Every structure is written in structure tokens, then in C-alpha cells.
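Have the sequence and the coordinates open side by side. The paragraphs that follow go through one chain as a whole and then turn to parts of another.

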Amino acid sequence: MIRRCLGGLALAALVSCADETVVAPLAERGAALARDPNVSGSQYNRFACTTCHVDRPAEAGERILPGAPLRGAARRPSYWNGETTHLREAVVRCWVHFMRGRAEDLEGPTGDALGAWLESLSPNGATEGTAPIAHTWPRSTRDLGAGGDPARGRVLYQRACANCHGAFGSGQGRLGPLVSIVPQDTLAEHCQGELPAGVPDYASYARQVAYQKTRHGSFLGYAGSMPPFATELLSDEEMAHIVALFRCP
Amino acid sequence: MPRLIARTTRAALGLAALALAGCGETNVVYAPLDASPWGSGCTQLAVPDAGLGLVTNSLMNSISALDLERGEVRGPYPVGVTPLAENGPHHLAYDPGRGAVFMPLSFPAPALAPGPHAEHGAASVPGVLVKRAACDMRLLGRVDVDPNPGDMVLSPDRRWLYVSHFDLRRALENANDPPRQRSNLVIVNAETMERVRSVPVCVAAHGMVLSADGNTLFMACYGDDAVGVVDLRPAVPTVRLVYITGQPPARVTSPTHGPYSLGLSPDGETLWVGCTVSGALLAYNTVTGQIDQERVTRRLAGKPFFPEVSRDGATLLVPTQGRDELVRMTARAPLTILQRVSFTRDECVQPHQVARGPDGLEYLVCEGAYGGQTPSPGTVLALDPDTLAIRRRYTVGYYPDAIVFATPGQRGAP
């Protein structure tokens with residue numbers, strides 16, 4: 001009798017266990033993946049989708065993020081300043097170039113989940129965020145001169161750069177050990193050695209390199225995984241203050 | 001007995017505890033989607049009755065579609081794959097069976113260096129051959145090819161893609177190693193987009209034409225001053241160079257003729273070769289395997305680009321640059337100029353290719369101004385085949401380079 005009761009107790013527990021299965025929208029899985037810096041599977045990646053993107057612009061607060069807000073993104077006619085009209089290709093660009101993933105990895109469940117998440121941010125009939133977003137990345141760069149204000153540069157650094165590079169001068173809180181410490185790492189590399197043709201001195205070189213890297217990120221001949229900052233996000237006037245932080249010793 | 005009860009109790013309670021512990025971890029199952037979140041994608045290109053022209057805009061990373069019925073331009077549709085860069089789509093092929101468009105992206109070196117950091121100078125960047133759905137230009141496949149892909153053709157059975165490489169940089173960098181100066185013919189499986197073979201052919205190959213049976217590929221070998229004749233039948237294709245002057249040039253980096261563009265007569269017996277260095281237009285006899293010395297002319301005022309031979313093979317149209325004209329001439333010896341048509345700058349700047357449309361009109365692709373000139377968009381002129389009068393003018397993107405046509409009901413045989 002006692003054994004039957006105890007067996008029934010165990011069985012009841014097991015039966016009630018089956019009731020714990022919850023069916024959730026795939027978008028929830030996508031939202032979790034979008035927050036996960038390990039999502040791409042690359043040991044070199046520290047970016048999550050949410051490192052550079054927010055849902056609505058207000059969520060960025062004071063931060064200046066290189067990625068466009070995602071609310072309405074699935075209904076936009078184009079992405080990457082009109083460079084592609086397909087959402088999947090836009091996502092693949094981030095996935096491959098910044099997150100160091102393989103494009104084919106987005107063809108399976110991970111891609112479906114992320115796609116469902118983006119779709120959930122773009123409800124049918126809603127128009128919020130559906131207009132194409134202008135991001136201009138000038139192909140050529142230049143020396144913005146030495147007239148920038150370092151104090152204003154520090155404020156802009158905190159808003160635009162600290163999100164990944166951590167605290168200015170120490171790198172504390174940066175995304176990972178591969179992320180450069182600003183400005184030391186840049187200056188260590190570009191305040192010595194041979195100057196490229198047409199560059200008058202190291203001071204100009206450091207400014208130009210900082211500008212090129214910020215504008216082009218990892219593209220147009222500059223390696224790494226950094227996303228580019230368009231002129232709509234940081235104007236050349238603001239960039240002049242930022243490059244003022246890059247002063248050779 | 002009490003011991004047995006105790007053991008049984010412990011076992012049952014343990015089992016229950018285990019079950020409950022397992023239940024503490026909620027098992028979440030994500031609802032499968034009814035359809036792909038990225039959209040299912042279209043399969044068929046909507047083609048008006050009169051046909052559709054697809055034109056590359058090589059300085060805009062895009063193609064434009066010409067509605068030949070309404071006389072309207074659709075697009076541009078972006079086709080690049082590398083962000084921020086000049087992707088440089090030049091030539092293209094349309095496969096109605098797969099509903100796909102193929103095009104090599106060349107990533108030309110930018111006129112202005114992007115910045116002072118090392119490694120700019122994009123000419124050494126590998127090219128990419130892309131396959132896109134013709135109906136919405138979504139990416140279906142891609143494969144890396146060599147730097148500076150030039151022309152590309154699709155085999156008649158639509159199984160293979162052939163890509164030439166106009167790689168002058170390779171010739172310059174290997175001046176002391178002639179075999180390494182030769183560019184590769186890259187062969188790609190059009191279905192899987194796998195690169196199946198790479199065959200060294202000649203220095204800076206550009207224009208290509210396939211014989212109707214798909215067995216022979218003709219190539220304009222710019223640096224070698226030669227016509228390259230590639231036999232595609234063997235497992236490893238073989239290459240024969242027919243030198244225009246009968247012998248190799250003294251220096252492949254500075255050719256005398258610079259053969260660049262090709263056009264094949266409908267009967268397949270005459271290959272027309274346009275040379276951008278000497279300005280010569282000449283005929284290669286595909287039957288004898290020799291340059292036809294009676295059909296060589298240097299009397300064009302400009303440099304000849306991609307020509308079109310009339311259906312009866314009696315005449316050909318040749319766009320020329322330097323003096324921007326379209327020239328009609330006899331195709332039989334002695335080569336005689338029958339008509340010259342020049343254009344205003346609003347109409348056509350730097351004509352590059354002429355091709356017969358499905359509506360019987362001749363379509364002239366004009367690059368527009370770029371480089372040191374004030375940039376202007378390119379144009380495509382629809383010309384009366386008899387008078388060469390302009391019937392329509394389409395304004396497309398910057399530096400259009402090539403046109404292909406789609407017609408309704410077209411079927412392929414992949």
C-alpha cells in the first residue's frame with residue numbers, strides 16, 4: 001500500500017513534469033540570440049546584434065551607435081544606405097564582416113530565429129521605422145586639421161566609442177582583448193616609422209588614420225571588425241574633435 | 001520490512017525529486033514558422049511583351065532594367081556584395097531557365113586612395129562572381145574568382161560560366177616570370193557556383209565569345225596581341241594563341257594592338273576583334289584559324305568596342321570611342337565604311353557596346369562621362385536598324401557597360 005502510494009507520488013510528479021513544456025514564439029529565441037555575443041560562433045567576435053543596434057532610437061540614450069534602429073527594419077525598402085534591398089543580405093553583411101560568422105550559418109535555425117525577431121519588430125501595417133535610413137560613408141578621407149577641441153572629443157568618445165573601446169586611455173570595460181585601447185594603440189602604430197606618401201608628419205598621420213578608421217571601419221583597405229560611422233551619425237566637425245584626441249607624444 | 005519500506009520510500013521520493021527537479025527547468029519549444037522570415041522570394045522575372053534589357057551600372061554597384069515596351073527604366077537594383085566599396089559589375093548573363101542573372105564584380109582600384117592606411121589599392125582584391133534572382137536581385141550564390149575579372153559568358157547548355165581576367169597588374173608584377181603573367185580562365189558550375197577549373201590562358205584577357213556548340217571559347221588577349229582559342233572539350237582545356245602580327249609582342253605590358261572586344265558572325269566563321277591600343281578592327285577566320293589580312297582596318301576614327309554583326313553577316317556595327325561614333329561597315333573584303341553616326345553629349349558619351357534587341361532595334365550602351373570629366377549618367381540608345389536614327393533614349397546609372405535581353409516565354413535548359 002505504502003509502495004503504491006509512493007509510486008503514485010513519483011508518477012504524479014512525472015506526469016506534472018510533462019505540463020512544463022512551453023511553446024514560445026520563435027522571435028523570443030531570436031531576441032535572445034541577438035543579445036548573445038557568442039551567437040556567431042567565432043572566437044574572435046565580441047559583438048551581439050544589440051551592441052550596435054537598438055529597437056527604437058530613444059533606447060540608445062546618449063550613445064551614438066553605428067547601426068540603424070531595428071524597429072520597422074523588415075519593412076524598409078533598402079539597407080546599408082541603399083547598397084542592398086534585401087534584409088537577409090543586410091544581416092549577412094553584419095554577420096560576416098563584424099561578427100566573423102559564416103553566411104551559411106544564417107540559413108538554418110539561427111537565421112530563422114533572428115529573422116523572426118526582426119519580423120516581430122516590424123508588425124504588419126505599422127509604418128514606424130520603415131523609411132530607408134541614410135548613412136553616408138565618404139570613400140576618400142582627409143586630414144581634418146589640428147583645430148578640434150579634445151574636451152569635446154572626450155564627450156563624443158564616450159558617446160560613440162566607449163561602447164566598444166571602453167574607457168578612454170585605459171580601455172577598461174572594452175568588449176574584449178582584441179579591441180584596441182584608444183588612443184594608445186593607434187598612436188603606438190602610427191607615430192613612428194615611414195610616413196605614407198603625401199602625409200606631412202606624424203600628427204597628421206595619426207589624425208588621418210583615426211578618421212579613416214572611424215569612417216570606413218573594417219572596409220576599404222582597413223582590416224578588423226569595426227563598423228563604419230556615417231556622416232549622419234558623426235559629422236566631420238564632430239570628427240575633428242575626436243581626432244584631436246589622437247596626438248603623438 | 002521497515003528497511004524495505006524505507007528503501008522504497010527513498011527510491012520513490014528520489015524519483016519524484018528528480019522528476020520535479022527536471023520540471024523546474026521549463027522546456028521551451030519555439031513555434032516553427034509557416035514561411036521563411038526572409039520571404040520566399042520570387043521565381044519569375046516579369047518581362048513585358050517587347051522584352052526587357054538588363055544593363056550594368058559599373059560605377060553604381062547596380063543594374064538597371066529597361067522596359068522596352070513602355071520605354072521606361074526600372075531600378076537601379078543594387079548588386080554589390082562588399083559594403084562601401086566600388087564593386088564594379090561590368091558584364092552580365094541572363095539564364096531564363098534558372099531565372100538568374102550572373103555577373104562578375106571586379107573591385108577596381110579607386111581613383112582616390114581611401115586614406116593613408118596601408119593596403120589600400122583594391123586592384124589586388126579577388127573578384128566575386130555573383131548569381132542573383134533576376135526578378136528581385138536577391139543573392140542566390142557567389143564564388144571568388146581572380147582579381148580584375150573582365151568578361152563572362154554562359155555556355156549554351158547553361159551549365160558553365162567562363163570568366164576572363166583583365167589583370168594588367170598581374171602582368172606588371174611578374175615581369176620576370178612570363179608564365180605567371182598569364183591570366184586565368186576560371187570555369188564555374190552555374191548551378192552550384194563552385195569553381196571547377198582555372199586555366200592559365202594569356203596576358204590580360206578580356207572579351208570572350210563562345211562558338212554556337214559551346215566547344216570553343218575565343219578570347220581577346222590584350223597583352224599578348226593575340227586571339228586566344230580555347231578548346232573546351234578536353235578535361236583540361238587547351239589554349240592556342242593566334243598572334244595578330246604573327247609573333248608575340250616585345251613586351252606584354254605594352255601591346256601594339258591591345259585586342260579587347262569581340263563579336264562573332266551568325267555563321268560562326270568570322271570573329272571580329274576590336275583593338276583599343278592600335279584602333280584596328282580585324283577579322284579572325286575561325287575555319288582557317290588565321291587572321292584574315294584582307295579584312296583589317298585602321299580607318300576607324302576612334303577605338304573600336306563591342307560590335308554587332310547583321311543577321312545576314314553582310315555588315316557590322318562598331319561603336320568607337322575617342323571619336324564617339326557608331327559605324328556601319330561591310331563585313332566582306334574590302335572593308336568599307338557605309339555609315340557614320342555621331343551623337344551629342346546628351347545622347348551618347350563613350351559608346352561601349354551595340355547589341356540587337358528582341359524588338360529588332362539596335363541598342364547602343366554609352367558609358368557617359370567619368371574619371372577626369374564631370375560625371376554624367378550613361379545612356380542606352382534604341383536605334384532604328386536601318387537608319388540608325390534614335391528611337392528612344394534611356395538614361396541609366398553611372399558607367400553602364402553591358403546589356404543583355406530577356407524576352408517573354410524564354411525558357412532555358414539548365
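Chain B carries 36 positive and 39 negative side chains, and the centres of these two sets are 6 Å apart. Lys and Arg are counted as positive and Asp and Glu as negative, leaving out His and the chain ends; each charge is placed at NZ of Lys, CZ of Arg, CG of Asp or CD of Glu. The model is predicted, with local features requiring pLDDT of at least 70 and side-chain atom pairs pLDDT 80 or more, while totals for chains, interfaces and linings use all residues. Residues are numbered from 1 along each chain as its sequence is written, chains are lettered from A and ligands numbered from 1 in the order in which they are written, and side-chain values use heavy atoms, without hydrogens and water.

The secondary structure of chain B consists of 3 helices and 30 strands, taken as DSSP runs (helices H or I of at least four residues, strands E of at least two) numbered from the N terminus. Its C-alpha trace spans about 120 × 55 × 50 Å along the principal axes. The radius of gyration of chain B is 27 Å, whereas a compact globule of 414 residues would have one near 22 Å; the radius is taken over C-alpha atoms, and the globule rule is 2.2 Å times the number of residues to the power 0.38. Of the 414 residues in chain B, 54% are buried, meaning under 20% relative accessible area, with exposed over 50% and partly exposed in between (1.4 Å probe, protein chains only).

Now to chain A. The largest nonpolar core has 37 residues, and those touching the most other members are Trp80(A), Leu87(A), Phe98(A), Met99(A), Leu114(A), Trp117(A) and Leu118(A). Such a core is a set of buried Ala, Val, Leu, Ile, Met, Phe, Trp, Tyr and Cys residues joined through side-chain atoms within 4.5 Å. Two or more residues come from each of helices H2 (26–34), H3 (49–52), H4 (87–98) and H5 (109–120) of chain A, and H4(A) gives the most, with 7 residues.

Ala74(A) sits in the loop between H3 and H4 of chain A. Ala74(A) counts as buried because its relative accessible area is 17%. Leaving aside residues up to four places away in sequence, Ala74(A) touches Tyr79(A), Leu87(A), Leu118(A), Glu119(A) and Ser122(A), a contact being heavy atoms within 4.5 Å.

In helix H10 (residues 236–243) of chain A, the buried residues are Met239(A), Ala240(A), His241(A), Ile242(A) and Val243(A). Their cover includes helices H6 (150–160) and H9 (202–216) of chain A.
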